[in-house]
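Trainee: I am new to this one. Can we go through it step by step?

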Amino acid sequence: MSFFSTLFLGIISAALVNNVVLSRFLGLCPFLGVSKKTSTAVGMGTAVIAVITLSSAITYVIDHVILRENLRYLRTIVFILIIAALVQTVEIILKKKIPSLYKALGVYLPLITTNCAVLGVAIDSAQKSYTFAETMIYSVGTAVGFLIAIVLMSGIRERIEHNDIPESFKGMPIVLVTAGLMAIAFFGFKGTIGG
Amino acid sequence: MIVPILIACAVIGVISIIIGLVLGVMSEKFKVEEDPREHAVRELLAGSNCGGCGYAGCDAYAHAIVHDGADPTLCAPCHEKSKIGAIMGLDIKDTEKMIAFVKCSGNCHNTVDNYIYSDGKDCRIAYTAPGHGAKKCVYGCCGLGTCASVCPYDAIRIVDGLAHVDRTKCHACGVCVSVCPNRLIEIIPERAAYAVRCSSRSKGKDVKAACSAGCIGCGMCQRVCENGAITVENNLAKIDYSKCTGCGKCAEKCPCKVITVGHVE
């Protein structure tokens with residue numbers, strides 16, 4: 001397979017077929033918490049793309065330089081450290097260099113530290129022993145999948161808001177039901193790419 | 001046995017120290033100069049982001065006070081305005097603790113409905129219905145809880161079709177005052193011993209027909225008040241809290257028992 005078809009299939013596979021939120025159920029808390037408005041959902045999604053891409057690149061290097069064969073069991077804790085520090089660094093730099101973006105992202109940026117999708121991608125690609133290129137494709141694809149899922153969700157939620165929902169379903173319950181239905185819809189992508 | 005533990009500790013420790021150093025250097029290098037007054041003012045504000053001041057939140061209001069010269073007395077829940085004044089070099093007096101008060105007694109027992117209003121979602125919509133909602137009194141509380149839904153402190157409850165303010169939770173931010181279509185909620189001093197629990201400007205006879213607990217504007221309170229704190233205008237008694245001493249004679253004499261404060265059943 002040529003390079004571009006590998007790239008394309010890799011991104012499609014990570015973004016849609018194995019969507020991080022809707023088929024692997026990682027990163028649910030920002031997915032539910034920050035999907036009230038499309039504008040904030042887009043902000044959160046782009047912030048996640050940036051952080052996932054950076055963090056998987058750095059964790060790949062750390063994994064291959066420091067965590068050799070006999071230190072594999074330290075992956076989780078080291079990756080958490082790296083991701084937390086990375087988010088902090090990005091925040092500090094943004095605050096100085098691009099204050100408008102920093103203000104727009106607001107509280108979402110530090111929230112990404114606790115987004116398990118970020119850690120999930122780093123650990124997953126380390127465990128599957130991907131090459132650096134594969135890791136990058138996988139992480140960008142996953143992050144794009146998160147953006148797609150959260151923006152779709154916010155669009156649906158904006159519409160749900162004005163509907164006449166039964167009292168007991170108001171608020172979070174209807175959102176969870178919606179998320180379940182979306183997951184079923186995304187299940188339809190299974191099998192579109194061999195494997 | 002002990003060696004792998006030590007190796008793990010060493011690896012994590014070294015990584016943490018490096019990360020700590022990097023973060024420390026970064027935060028110094030990319031330091032953003034913030035006005036220390038902004039932080040100090042922010043600490044004095046209520047910090048509940050109720051939006052009663054008209055700004056997007058406490059951070060935005062603190063920024064506006066320090067940089068844009070905004071009026072520093074707008075934060076209703078904050079009672080240390082003199083301290084904000086001291087920070088900003090202005091002479092501001094501390095304000096009295098205020099509280100929201102619903103000027104209506106028309107619960108389901110006291111008043112009756114003219115018709116059945118079934119779209120019970122928002123008082124502001126009900127207000128556009130004939131007679132300003134289903135209740136016979138056109139001035140009364142619609143009881144659909146728009147004030148309760150906007151209260152950032154969860155201090156308002158609808159009991160028997162009438163809004164009640166929980167005095168322990170209310171911070172007098174004034175958000176409810178602006179949403180009530182009947183303008184029934186007033187911010188009064190918390191020390192106020194007595195207040196008129198009615199807003200009906202109808203004549204006595206009409207009030208009696210609509211509600212058993214309304215102010216009929218008889219003027220008894222005005223006559224009995226020794227301090228001249230009560231005036232009856234447009235068939236409705238009004239208390240001047242700067243003159244009221246809290247003697248309670250008005251409440252005693254009121255034939256409709258509409259002068260009261262606190263939770264009435």
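Trainee: What percentage of the 265 residues of chain B count as buried?

Mentor: A word on the basis comes before the value. This is a predicted model, where local features need pLDDT of at least 70, side-chain atom pairs count only at pLDDT 80 or more, and totals for chains, interfaces and linings use all residues. Residues are numbered from 1 along each chain as its sequence is written, chains are lettered from A and ligands numbered from 1 in the order in which they are written, and side-chain values use heavy atoms, with hydrogens and water left out. Buried means under 20% relative accessible area, exposed over 50%, partly exposed in between (1.4 Å probe, protein chains only), and of the 265 residues in chain B the buried share is 41%.

Trainee: Which strand of chain B pairs with strand E1 (residues 98–102)?

Mentor: Helices (H or I, at least four residues) and strands (E, at least two) are DSSP runs, numbered from the N terminus. Two strands pair if DSSP finds at least two bridges between them. E1(B) is mostly covered, with four of its five residues buried. Its antiparallel partner, over five bridges, is strand E4 (residues 185–189) of chain B.

Trainee: Which residue in E4(B) stands opposite Val102(B)?

Mentor: E1(B) and E4(B) run in the antiparallel sense. In E4(B), the residue opposite Val102(B) is Ile185(B).

Trainee: Which residue forms a salt bridge with Lys103(B)?

Mentor: A salt bridge is a side-chain nitrogen of Lys or Arg within 4 Å of a carboxyl oxygen of Asp or Glu. Here the closest N and O atoms are 3.4 Å apart. Lys103(B) lies in the loop between E1 and helix H5 (123–126) of chain B and its partner in strand E4, so the pair ties together parts that are 83 residues apart in sequence. The partner, partly exposed at 24% relative accessibility, is Glu186(B).

Trainee: Arg75(A) and Asp63(A) also meet in a salt bridge. Are these two residues buried or exposed?

Mentor: Their side chains come to 3.0 Å, N to O. Arg75(A) sits in helix H4 (residues 75–97) of chain A and Asp63(A) in helix H3 (residues 38–65) of chain A, twelve residues apart. Both Arg75(A) and Asp63(A) are buried.

Trainee: How many salt bridges does the rule find across the interface of chain A and chain B?

Mentor: Over all chains the rule counts ten. One network of salt bridges links Arg24(A), Asp124(A) and Lys128(A). Across the interface of chain A and chain B, the number is zero.

Trainee: What area is buried between chain A and chain B?

Mentor: Contact means heavy atoms within 4.5 Å, and it takes 17 residues from chain A and 16 residues from chain B. Buried area is the accessible area (1.4 Å probe) that two parts lose on being put together, summed over both. Carbon and sulfur atoms give 85% of it, and the total is about 1,400 Å².

Trainee: Which residues of chain A lose the most area to chain B?

Mentor: Three residues together make up 32% of what that side buries. They are Leu81(A), Ile92(A) and Lys96(A).

Trainee: How far apart are the C-alpha atoms of Ile216(B) and Gly204(B)?

Mentor: Ile216(B) lies in the loop between helix H8 (204–210) and helix H9 (220–224) of chain B. Beyond its neighbours within four places in sequence, Ile216(B) has contacts including Gly204(B), Val207(B) and Pro255(B). Ile216(B) and Gly204(B) are twelve residues apart along the chain, yet their C-alpha atoms are separated by 4.0 Å.
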